[in-house]
Amino acid sequence: MAGTAAAGENLRIDGERLWDSLMQMAKVGPGVAGGNNRQTLTDADAEGRALFARWCEEAGCTMGVDAMGTMFATRAGEDPEALPVYVGSHLDTQPTGGKYDGVLGVLGALEVVRSLNDLGIRTKHPIVVTNWANEEGARFAPAMLASGVFAGVHSLDYAYGRRDLEGKSYGEELARIGWKGEEEVGARRMHAYYELHIEQGPILEAEGRTIGVVTHCQGLWWLEFTLTGREAHTGSTPMAMRTNAGLAMARIFEMVQEVAMAAQPGAVGGVGQVTFSPNSRNVLPGTVVFTVDIRSPDQAKLDGMRAAIESRAAAICAELGVGCAVDPVGHFDPVTFAPELVANVRAAAERLGFSHMDLISGAGHDACWAARVAPATMVMCPCVGGLSHNEAEEISPDWAAAGTDVLFHAVLETAGVVA
């Protein structure tokens, strides 16, 4: 580990400054219960971007923005030919999101740069602090949209055409908030990519470990179902004469649970979003739209779950006379992260004396798409009770600092310290 050893193995970031930055960003787009509602391409998102940009400028970075709205703040390296080490995550949140999901990764990366400045450490490779646009996919599906375009998974036209529930398009809203950049998406080349994140699960806390060394990421399918029945009065329509899209939905929900349980261990499935139309208490729905979310680190299980759910859903709807259409609105295959970067994270945790364990991420992250274009990996710290995508999401200052310390050392190992 010559890179970090040359700079001193007891290097630490400024934990108090990191925590203060997290709390300052949490004031932007506050939620109703202590968390955040800073959904992508909203006015709150624009305000958070402006704050982040100011902090990056104060840290001596130069800012670039691509045509998807992803922000890249570069700290120059000593070798003009060396490709940059990218470090980051996302600032956008769920509608009822927490203060740390994604944000820790962006501001932790910024803290790495700030600490390098404080310590007067120069690196061979440039370091680029990255704020990926629309990681959550809460407003514009699919998730990890901008990093997906960067990696060539989606086209720019496809991304610009994604619409929210009000019919507003990604392209229009990106221009409206003033963060549509000039850079071609995906033109940048990476030497490596690191992402710090809260676990969003209970394993680290339950095991009493401070650091998660992320070796793999689960694959995912988001299957958007549109069920078409017949609107009818709930009080005056005989039971045997109904074409009930809501009943079909309920049976599909139960079936998704059965399919996921049959694929144990190492598989999950459920539904998090449902839209009824006309959504009136005394009208049977004419249309029901919902998204099934299935995940597994095993490709065969993931594909088998999708096939079973689509086949059984079609049979359920046929029995009830309900129309059934399925649109796969989000997908990525299971990801194996770069062994050499994983080893850097593990070595950093050991060097710093933090308890650690290998993890498979249950959530999707921008690192999943970055891994298609460069060596990539992730660092995780615990979150209280494993609760995330919830305004009650919580971590401790010590966990935040420990994760960022490990990130700091791993990034230095890859970026190379210049004596």
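**Stop one: the salt bridges**

The count of salt bridges comes to 16, taking a Lys or Arg side-chain nitrogen within 4 Å of an Asp or Glu carboxyl oxygen as the rule. Keep in mind as you click that this is a predicted model.

Start by selecting D43 and R176. These two form a salt bridge, and the closest N and O atoms are 2.9 Å apart. Is D43 buried or exposed? With a relative accessible area of 54%, D43 is exposed, because exposed means over 50%. R176, at 45%, is partly exposed.

Together, D43, R139, D164, E173 and R176 are linked in a network of salt bridges.

**Stop two: along helix α3**

Next, select R54 and E58. Both lie in helix α3, 4 residues apart, which is about one turn of the helix. How exposed are the two partners? R54 counts as partly exposed at 42% relative accessibility, whereas E58 counts as exposed at 56%.

**Stop three: K168 and E166**

Move on to K168 and E166. Their side chains meet in a salt bridge of 3.3 Å, N to O. With the surface on, E166 counts as exposed, at 63% relative accessibility. K168 has a relative accessible area of 35% and is partly exposed.

**Last stop: Q200**

Finally, center the view on Q200. Where does Q200 lie? You will find Q200 in the loop between β6 (192-198) and α8 (203-207). Select D101 as well: a polar contact of 3.1 Å joins the side chains of Q200 and D101.

Then bring up the surroundings of this loop residue. Which residues does Q200 touch, leaving out those up to four places away in sequence? The list is D101, A363, H365, C383, G386, S388 and H389. Showing these seven labels alongside Q200 lets you see D101 both as a touching residue and as the partner in the side-chain polar contact.

Terms used. Residues are numbered from 1 along each chain as its sequence is written. This is a predicted model: local features need pLDDT of at least 70, side-chain atom pairs count only at pLDDT 80 or more; totals for chains, interfaces and linings use all residues. Side-chain values use heavy atoms; hydrogens and water are left out. Buried means under 20% relative accessible area, exposed over 50%, partly exposed in between (1.4 Å probe, protein chains only). Helices (H or I, at least four residues) and strands (E, at least two) are DSSP runs, numbered from the N terminus. A polar contact is a pair of N or O atoms within 3.5 Å; within protein, one must be able to donate a hydrogen and the other to accept it, and residues adjacent in sequence count only if both atoms are side-chain atoms. Contact means heavy atoms within 4.5 Å.
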